[in-house]
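Biologist: Please take a close look at one part of this model for me. Then show me what lies around it.

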Amino acid sequence: MSGPLLPAARCHAVRVRWDRSPNSAALSVLSGLSALSGLWTEDVPAPAADPPAERRRAAELARPADGLRSVLLRYADGPCDLILVAPRDQWDRTALARLAAGESPGPGTGHPAAGTAAFAPAPAWGLGDDGPTVPHLFSLDEGGDEAGWLAALAVTLRRYDPETSPVIGTDHGSFTVPEARTLGELKHAAADGPALVGLLFDEAEVPGAYVPCLAPPFPLTVAVFRDTDGWRLRCDHVSGHVSTEIAAQFTRHLVRVHQQLLDSPGTLVDDVDLMDETELERVAALGRPPRPLVTTPVSMPEAFTRIVAATPDRIAVTDGRAGLTYRELDERAAQLATGLRARGVGDGDRVGVCLERTAELVVTLLAVLKAGATYVPVDPAYPADRIAHTARDAGLSVMITRLPEFPEVAGCVPVTPDEVLHVDERLGVDEVPGVLDTASRPGDAPVLPTAVAPTAVAPTAVAPTAVGPTAVGPDTAAYVIYTSGSTGRPKGVEVPHRNVIALVDATRDAYGFGPDDVWTWFHSSAFDFSVWEIWGCLLTGGRLVVVPYFVSREPDRFRDLLVSEKITVLSQTPSAFAQLLDVDHSEVGVRLVVFGGEPLDARMLLPWFDRHPESVCRMVNMFGITETTVHVTEQTLTRGLALAATRSVGHPLPGWHLYVTDPAGRLLPPGVAGEVCVGGAGVALGYLGQEELTARRFVPDPFTGGTMYRSGDLGRLRPDGRLEHLGRIDSQVKIRGFRIELDEIRAVLLEDPDVRTAAVVIHRDDPADAATARINAYVVLSGGAPDTVRKRAAGVLPDYMLPTTVTALDALPLTPNGKLDPSRLPPPTAPRSSAHDAAPLTADTHADADTDLTERLREIWSEVLGVPVGLDDDFFELGGNSLFAVRIGAALRAHGLPSLRLRELYRHPTIRDTARELAASAT
Amino acid sequence: MRLHGKSVLVTGAARGLGRATALACAAEGADLTLLDICADLPGVPYPLGSPGQLEHTAALCREAGAAVLTTVADIRDLRAVREAVPRAEDRFGRIDVAVNNPGIAAPSGKPVHEIGEEEWSLMIDVDLSGAWRVIREVGKAMSARRTGSIVNVASTAGLVGYRHFAGYVAAKHAVVGLTKAAALDYAPTKVRVNAVCPGSVRDDAQAEGRMLAEIARALDVPVHEHEKTFVEAQPMNALIEPEDVAAAVVFLASDESRQITGSVLTVDGGFSIR
């Protein structure tokens, strides 16, 4: 529909009704007209009020004309309609008025034709859908004047899109309306540029029913005119630009703004309300979930105890070959909790937990909760200063960890789980078994846990029943998770027990979670997606399978684990899932995949749907925020939605609700992008120790009286209440004055069939100098070349949005949380010289230097790392990371060499050691 | 409503395939310009469409909800066509679809060397040149608007030979050729030209068709015998109904066939397969 204007765009039509056949007074009028341009007479074999007659009228009113065309429709029951259609520039209302009064029409005076420039581009808020085009008709009390309507249009348009200066087309040129303080001070001025919205204003009264244009001359055409029914406003829209719902809504808001302009021109422009109370209520209700939440607030240990009572002997946690039943998990956690209490941990205290992802960690987290305390998870892989920051910021006095070198933090005592367990007999620590034999030993690199002997817990340990009753209720914080955010130091989010219980209650029945489910625990405990994995599983009686770090980083091993453990519920970030899609996944038998943590490009799921139809495996995208307890919305994805590359993240979960607001906190109507605010059962208590920041982001919910969280995420509601997530508000950047949407660039790259995943980042050669900013794109290709990708993107993106570089990678680097890690993206590919003239870091003096395997390894390493490599150069010192390690593994496979496990590379980070290892494994 | 809002011109619209096509288009939401000679032609040994038949077609279309313009014109006369087409364009704003459905089956029934020059010229003038004149007049405006569909009703006689029908067979073969050539001419402007080749169509009482009867008469065989011969010659063992042909025309007229041009669609129960 966005092509050139139809001839009908330039036509008006009017209908005048006669009660009976015009053989009396009207006939003379008609004969005069007939002499002017001919009169077509049609007998309609149906009564005037019947649908066929209505269809015939509509057809005649919509039929374009080069000159004046008049048609007389004679209905079967007597009445007649005279329908006149004419191009706007030949239109003469004075003549029409005389016609209606029974006089002969005189010569027309005419209007200049509107410019027929190309349509303005479709606005994002229009939600254009190529659906039906339905004109919207309003009756107005007052018509006002053209200047008033221009001002009202400008105010409404700025509310819909504050970034774009409004240009309004009319049939006598285009106008803009500069900003002013009050409505009355708004004055229009001539403007250039394509007009999205057009205004056709005429105050001459037209007889009969009037159609101001047969097809919209502008994507959104607002006509204000008078016919026999009084002042009317009619809005015609091009459905590819603006959907029927949005057009109706826009018109309603325009009329309301115009009324405010007439009633109180002194109103500040900023104070104008687009919506009345009823509509505000309706829009607020749009962001509420379709189902109510049924939940009983209890503490997490209480909820867990019920599961233990129901299924004490089912396996709760699987870690390697070891397993813990619910009863065992409960008992061990109780013992550890007693130890914590004995160490002085009291209700509401915060306890740091810095352990590898093992069954021991689950026991420890549960123990902290059982002790009435709040757990503060810290990833042992984090840099020391971040660990220290967390310990200090959370005011931790106890940190349960097996890190051999825990950073020094005043007042924070690092203890091992064993030390906690045997607090009463400190001297015997080394002699008795730990909380679990599965735990890694200090000093070891992380390894797969060995078999656990559940009976090995020493009888000398404190009795499970010794944990005293705690006064902790559902409103106490269960955990504090630190989020980095885009600026500043990480901040701790305090989430109470009741939120986690609500999350489980909101999803249990809808997704059928129960004892037969097997969940993966893939994500770091410091990433709140793990809250969903751990407690979603354990509070519904499922079996939680620990995914060790190295397995989580190697897609084929992870796939093997999914198959061998018969996983049913898989939670993934889209980036991590993309890696799983790269390996053969046809044997994977999961029934539910839940996405979270990152925006999802629905198209990437198509290869998955090929092997796993929707009827077998449900795919659900959940948009979520740490501050609102993991998830907010749910969108079940279908092949159809994936093909349509939906940006919808769906409706809120039962108990959660959301609003989209403008910077002033006002509710925005559907279609208009603004900040996503989340209220309801998931809202956290706040930021630990940051009252000011908490007060700024956790604000009163104007509709429910509770607290809502201002997310800093950009989104828009669709008229059906589903949310479109548009990225972070602060991810909008400006380059050379242009507003750049990185997500938009990424979306264009992903449209390329060769591009599997993509990341777009802004790079400044000189961080202080905005002029050095450029856009770098990174893509994972399934074919083709980066040059071709860039060339294709150039056909879609404006110059200022075209990435300066496009670099192909084998995989995008991920953070420990499984999200894209921009800091580990390599420098963009520049034209590189083929000669490496730098010397290797170490000299090759060994006799075995020229063996075939070693030489080929060296070629691969040099190629991947981009530097010459000596036999004893350390992989990590050369800038190696897990991404390069994966690429080296891929290159080895491509060359038909024995495969190299990531873990082995980490243990033997030189070519010489690797070669030895490979040679040994080959024999 | 596959032709909603489209303006369709049908020639030879007073009866037979023309009427059936007009009605099918009306049922799909089209508005119609119905053109017919509404007079007998010297040299054609049977009566052609009448004004009453044309009005009846129009009335049926109006009942189906269409706006209808009737035009009496002889398509052998270029000037008449040049007057009729702008009238339709005035009334409906444009012509989206032109269905060329002129056709006389006789004078026929003799070997080539017995055909007189006037008889030959008359057959070519109506069955072939009549279609060309309409294309000539509607093609320019369609090209300018970069949209339009022209459907030429040819015949299986445009694909194979029939004994003692040299003039008719030559004209219909030429219509197929005209279709392909015009399709190429207009392809750059998105105007499509296609042909429909009906087999033996029943002389439906409602459509008032008489083509089959006239062919039988030209061959001097009883109608029922002639019908029987054709039923046996059509693998699907049935005569074609007028609506079957109209359905093919509607498809080629509608946007459903927007990538189809220069094609020849047979509606012959399999007659031309072997």
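Modeller: Helices here are DSSP runs of H or I with at least four residues, strands are runs of E with at least two, and both are numbered from the N terminus. Residues are numbered from 1 along each chain as its sequence is written, chains are lettered from A, and ligands are numbered from 1 in the order in which they are written.

My part is a helix pair in chain B. Start at the loop between α6 and α7 of chain B, where B:Asp220 is found. B:Asp220 is not a glycine, yet its phi is positive, near 60°. B:Asp220 counts as exposed (12 or fewer other C-beta atoms, placed from the backbone, within 10 Å; 20 or more is buried, and partly exposed lies in between), because it has 9 C-beta neighbours inside 10 Å.

Now the two helices. Helix α6(B) covers residues 211-219, and helix α7(B) covers residues 223-233. Their axes (lines fitted to C-alpha atoms, for helices over the stretch in contact, with angles from 0 to 180 degrees between N-to-C directions) come within 9 Å and cross at roughly 105°. α6(B) and α7(B) are therefore roughly perpendicular (65 to 115 degrees; under 35 is roughly parallel, over 145 roughly antiparallel, the rest oblique).

Which residues meet? From α6(B) come B:Leu212, B:Ala213, B:Ile215, B:Ala216 and B:Leu219; from α7(B) come B:Val223, B:His226 and B:Glu227. By class, that contact has six nonpolar residues, one polar and one charged. Contact means C-beta atoms, placed from the backbone, within 7 Å. Ala, Val, Leu, Ile, Met, Phe, Trp, Tyr, Cys and Pro count as nonpolar, Asp, Glu, Lys and Arg as charged, and the others, Gly among them, as polar.

Move on past α7(B). B:Asn237 sits in the loop between α7 and α8 (242-253) of chain B. Its phi is also positive, near 60°, and B:Asn237 is not a glycine. B:Asn237 is exposed, with 10 other C-beta atoms within 10 Å.

Elsewhere in chain B there is a cis peptide bond. This bond runs from B:Ala106 to B:Pro107, with omega near 15°. B:Pro107 lies in the loop between β4 (97-100) and α4 (117-145) of chain B.

Next, where chain B touches chain A. Nine residues of chain B and twelve of chain A take part. On the chain B side, α2 (51-63) and α3 (78-92) each supply at least two residues. α3(B) gives the largest share, three residues. By class, this side has two nonpolar, two polar and five charged residues.

Chain A has 25 helices and 38 strands. Of its 923 residues, 47% are buried. Among its contacts between residues at least 6 apart in sequence, 66% join residues at least 24 apart.

One sheet in chain A is worth a stop. It is open, with three strands in the order β36-β37-β38 and mixed pairing. Strands pair if DSSP finds at least two bridges between them. β36 (755-764) and β38 (805-809) of chain A stand at the edges with a single partner strand each, so one side of each has no neighbour in the sheet. The twist averages 25° from one strand to the next. β37(A), residues 773-781, runs parallel to β38(A) and is joined to it by five bridges. A:Asn776 stands opposite A:Thr805 of β38(A). Helix α20(A), residues 742-751, lies across β36 and β37 of chain A, at about 145° to β36(A). Helix α21(A), residues 786-794, lies across β36, β37 and β38 of chain A, at about 135° to β38(A).

Strand β26(A), residues 633-637, is mostly covered, with four of its five residues buried. β25(A), residues 618-621, joins β26(A) antiparallel through three bridges. A:Met619 has A:Leu637 as its bridge partner in β26(A).

Last, confidence. Chain A has a mean pLDDT of 82, and 82% of its residues reach 70 or more. Residues 30-36 of chain A stay under 50, with eleven contacts beyond four places in sequence. Where pLDDT is low, the predicted coordinates should not be read in detail.

Key:
This is a predicted model: local features need pLDDT of at least 70, side-chain atom pairs count only at pLDDT 80 or more; totals for chains, interfaces and linings use all residues. Two residues are in contact if their C-beta atoms, placed from the backbone, lie within 7 Å. pLDDT is the predictor's confidence in each residue, from 0 to 100.
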